Amino acid sequence: MPSDCLFCRIIAGELPSSLVHSDDSIFAIRDISPQAPTHILILSRKHVASVSDLSGADEAIVGKLFAAAAEIAKREGIAKGGYRLVVNTGRDAGQTVDHLHVHMLGGRHMSWPPG
Ligand code: AMP
Ligand code: ZN
């Protein structure tokens, strides 16, 4: 685990977070700066910097991120109304933490296209 990675440190319990879900592969927390009534970050426990750094061996992680999203959305009460999953990848997309994560945004109507 890179000791300078914010999300690795949160997963290791070195920094506080608001936990939503934890299992063998996935860790989900509330975003510290929510952009919607529900804003959850679904993290892979394994440190992968971004989608661009995924390899074939990480296929299962991607599946688990989305399976966890479906489960969390039901528990949070946003599955019916709908929600948006966002994976910012690289500088142009505005990725600020280089540890694979899916944003789950819900609880309000969202416009398209995103900014
Ligand atoms: P991104 O810009 O896509 O890399 O997303 C990083 C997200 O992490 C942003 O939405 C931040 O608000 C969020 N964030 C930064 N620090 C923390 C923290 N300590 N706990 C929870 N969320 C955080
Ligand atoms: Zn990390």
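Biologist: Which is H99, buried or exposed?
Modeller: The relative accessibility of H99 is 0%. Buried means under 20% relative accessible area, exposed means over 50%, and partly exposed is in between (1.4 Å probe, protein chains only). Therefore H99 counts as buried.

Biologist: What kind of model is this?
Modeller: Residues are numbered from 1 along each chain as its sequence is written, chains are lettered from A and ligands numbered from 1 in the order in which they are written, and side-chain values use heavy atoms, with hydrogens and water left out. Local features need pLDDT of at least 70, side-chain atom pairs count only at pLDDT 80 or more, and totals for chains, interfaces and linings use all residues; this is a predicted model.

Biologist: Which residues are the protein donors of the zinc ion (ligand 2)?
Modeller: Donors are N, O and S atoms within 2.8 Å of the metal (3.2 Å for Na, K and Ca); water is not among the atoms, so sites may look incomplete. In sequence, the donor residues here follow the spacing C-x2-C-x38-H-x51-H. At 2.0 to 2.3 Å from the zinc ion lie C5 (SG), C8 (SG), H47 (ND1) and H99 (ND1).

Biologist: Which arrangement do the four donor atoms around the zinc ion (ligand 2) form?
Modeller: Four donors count as tetrahedral if all angles lie between 85 and 135 degrees. The angles at the zinc ion (ligand 2) are 106 to 116°, so the arrangement is tetrahedral.

Biologist: How many residues apart in sequence are the parts that H47 and H99 tie together?
Modeller: Helices (H or I, at least four residues) and strands (E, at least two) are DSSP runs, numbered from the N terminus. H47 lies in the loop between β3 (38-44) and α2 (59-76), and H99 in the loop between β4 (83-86) and β5 (101-106). The pair therefore ties together parts whose separation in sequence is 52 residues.

Biologist: Which residue's backbone oxygen does the side chain of S44 reach?
Modeller: S44 is placed in strand β3 and is buried, with a relative accessible area of 0%. Its side chain comes to 2.7 Å from the backbone oxygen of K46.

Biologist: What percentage of the area of ligand 1 does the protein bury?
Modeller: An oxygen atom of ligand 1 lies 2.9 Å from an N or O atom in the side chain of N88, and a polar side-chain atom of H101 lies 3.0 Å from an oxygen atom of ligand 1. Taken alone, ligand 1 exposes 500 Å² (Shrake-Rupley method, 1.4 Å probe). The share of this that the protein buries is 82%.

How values were computed:
Tetrahedral: all angles 85-135°; square planar, octahedral: opposite > 155°, others 65-115°. Polar contact = N/O pair within 3.5 Å; in protein donor to acceptor, adjacent residues only side chain to side chain.
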